[in-house]
Amino acid sequence: MVSAVFHAPLAASGSEAVASAVTHKAMPSVTPHVEPAKAVTQKSPYDWRGLWLAVLPPVLGFSLLIGIWALVSISTASSIPSPVATFEQAVVIFSDPFYRNGPNDQGLGWNILMSLERVALGFGLAAAVGIPAGFAIGRFEFLSRMFNPLISLLRPVSPLAWLPIGLLVFKGADPAAIWTIFICSIWPMIINTAVGVQRVPQDYMNVARVLNLSEWKIVTKILFPSVLPYMLTGVRLAVGTAWLVIVAAEMLTGGVGIGFWVWDEWNNLNVKNIIIAIFVIGIVGLILEYALIKIATAFTFEEVKS
Amino acid sequence: MNPNQTSKFIDIVGVEQTFKTKKGPFCALRDIHLTVAKGEFVALIGHSGCGKSTLLNLIAGLTTPTQGHLLCDNREIAGPGPDRAVVFQNHSLLPWLTCFENVYLGVERVFGAANKTTGATSENKAQLMARTDAALALVGLTPAAQKRPGEISGGMKQRVGIARALAMEPKVLLMDEPFGALDALTRAKLQDELLEIVARTHSTVVMVTHDVDEAVLLSDKIVMMTNGPAATIGEVLSVDLPRPRNRVQLADSPQYLQHRKAVIDFLYTRQVHVEKAA
């Protein structure tokens, strides 16, 4: 999903992807197998087929994953730990996620919180710069023509390539990681906001002209609400990318954080913890995505068809 | 008010509209001369692509003519404004505002600020809200005031659009195929309501339509347009049916049928071959 819009330029194809992301992908894959099950059990407890379809495929999917994992574990003579051993280790870790034994040995909870804090900072700065920039680029064709080549050039660059620049300029690991998050999450927000502004229906602008609305009313009552769904898609893509990037950035910069934790456990050859971290990273990413989708659907309204 | 001002409330003189396209200039309208009296209901009718919406947009001020000029109440139409309220074909309500807020947006703009030209002082919030409530009541939508456009039917949306336009107390009400997207029964109901509202408010209305019955039922004057490109006014028919009009009684009135036939004759006998050629 991330890559679909990431590779798309500001042109029509990009905005199609954005539009479909707003409408079609509003329902994540998580909900379908939760809600039908509820509905089915409420309506008629004898409709086993619906329940079956709702519960069986996800369970099978997870069983397959764990089965393959177990096979790999056996075939590598447990250098990849078995699911059971990992689970036992997870119980130990989650029983005390917030301990502190010095700067390099802290609980998983602290590591996740530190990573989330970096993401929030970098992402917040990117939103503060990217969303107004997107509005300006979408509103004025001159700016759009001026910045489009720059965005096209810089957007495909791997965020990690910016890390040395960050280290050089900010002379610290932490600001460099935040800088990396900033640079990777700013593009989807600029692009989606700009596309949203360019796609404000002409009908709404005609209404504004006939009612002779002030610039302030146009921005607050027409532009902002109609751009909001696009903007939130940009925000969602940005958070997704930021969460992908923070792990890699922290592996390089060190300190406290989930990425550093993975690297540290690798140096200790504690593979169980690495696998636990993979699951944790996945679940946190899923929660972030799900929360933003919920926000986006709350602000998406039926559009006028012309 | 002198008679000239009442009979030529809207005065369109020698208007021509040419659009620049990639294939070169495209002449949509030429040689348009039309006057609309105060309190008159005028229907613009013609085949699609004959420039009737273009003409309406010119009166609204959303576009400016390449030649000629348009006057409204003896003043040149220089741009869009709330004195010429538009009811859009697709209702164009803002989906994130409730029906009340949609209407209030226009009311606030027109009456919420002191008006230098008319000398009116600004009204307070209670007065503005009363105006909005009154407009929604006029179209029978008081119960739906707090609903969003997505929650109401197409006919109700169009009524909100009409309420939004009427609430601004415009000099002219411009309607661009207001009922075109509605089913026949809803359309008939809204036409009846519009007849009643116009009788009560004595509004000056210019309405674009492609429905012959609608044109004859509602208007005092039917402006029939030739086919585009370079469309112009082919014929103007005065509809002198007595008001209040009732669609059931009119259905077998010989006068009504005569008018209806005149319009159909123009549209399907005299203008049809041009369309084939185009």
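Residues are numbered from 1 along each chain as its sequence is written, and chains are lettered from A in the order in which they are written. In this predicted model, local features need pLDDT of at least 70, side-chain atom pairs count only at pLDDT 80 or more, and totals for chains, interfaces and linings use all residues, while side-chain values use heavy atoms, with hydrogens and water left out.

**View 1. Chain A has 13 helices and zero strands.**
Helices (H or I, at least four residues) and strands (E, at least two) are DSSP runs, numbered from the N terminus. Of the 306 residues of chain A, 44% count as buried. Buried means under 20% relative accessible area, exposed means over 50%, and partly exposed lies in between (1.4 Å probe, protein chains only). Take the contacts in chain A with a separation of 6 or more: residues 24 or more positions apart account for 71% of them. Contact means heavy atoms within 4.5 Å.

**View 2. Helix 9 (residues 173–198) and helix 11 (residues 215–253) of chain A cross at roughly 160 degrees.**
Their axes come within 8 Å. Axes are lines fitted to C-alpha atoms, for helices over the stretch in contact, and angles run from 0 to 180 degrees between N-to-C directions. The angle makes helix 9 of chain A roughly antiparallel to helix 11 of chain A. Angles under 35 degrees count as roughly parallel, over 145 as roughly antiparallel, 65 to 115 as roughly perpendicular and the rest as oblique. The crossing of these two helices of chain A is right-handed. A crossing is left-handed if the near helix is turned anticlockwise from the far one by less than a right angle, and right-handed if clockwise. The contact residues divide into 17 nonpolar, nine polar and no charged. Here Ala, Val, Leu, Ile, Met, Phe, Trp, Tyr, Cys and Pro count as nonpolar, Asp, Glu, Lys and Arg as charged, and the others, Gly among them, as polar.

**View 3. Val119(A) and Thr193(A) are two buried residues of chain A.**
Val119(A) lies in helix 6 (residues 108–139) of chain A. Its relative accessible area is 5%. Leaving out residues up to four places away in sequence, Val119(A) touches Gly124(A), Ile181(A), Ala242(A), Trp243(A) and Ile246(A). Val119(A) and Phe182(A) are 63 residues apart in sequence, and their C-alpha atoms are 8.3 Å apart. Thr193(A) sits in helix 9 of chain A. Its relative accessibility is 0%.

**View 4. Four strands of chain B form an open sheet in the order 2-1-4-5.**
The pairing is antiparallel. Two strands pair if DSSP finds at least two bridges between them. Strand 2 (24–36) and strand 5 (75–76) of chain B are the edge strands, and each pairs on one side only. Strand 1 (residues 10–21) and strand 4 (residues 67–72) of chain B pair over five bridges. Asp11(B) stands opposite Leu71(B) in strand 4 of chain B. Helix 2 (residues 52–60) of chain B packs on the sheet and touches strand 1, strand 2 and strand 4 of chain B. The direction of helix 2 makes about 115 degrees with that of strand 1 of chain B.

**View 5. Strand 6 (residues 84–87) of chain B runs parallel to strand 7 (residues 172–176) of chain B.**
Four bridges join the two strands. Ala85(B) has Leu173(B) in strand 7 of chain B as its bridge partner. In a regular strand the side chains alternate between the two faces of the sheet. In strand 6 of chain B, Arg84(B) and Val86(B) point one way, and Ala85(B) and Val87(B) the other way. All four are buried.

**View 6. Helix 3 (residues 99–111) and helix 4 (residues 125–138) of chain B pack at an angle of about 130 degrees.**
Their axes are 9 Å apart. The two helices of chain B are therefore oblique to each other. Helix 3 of chain B passes helix 4 of chain B in a right-handed crossing. The contact residues divide into nine nonpolar, one polar and four charged.

**View 7. Asp31(B) and Asn74(B) each have a positive phi without being glycine.**
Phi of Asp31(B) is near 55 degrees. Asp31(B) lies in strand 2 of chain B and is partly exposed, at 47% relative accessible area. Phi of Asn74(B) is about 65 degrees. Asn74(B) lies in the loop between strand 4 and strand 5 of chain B and is partly exposed, at 45%.
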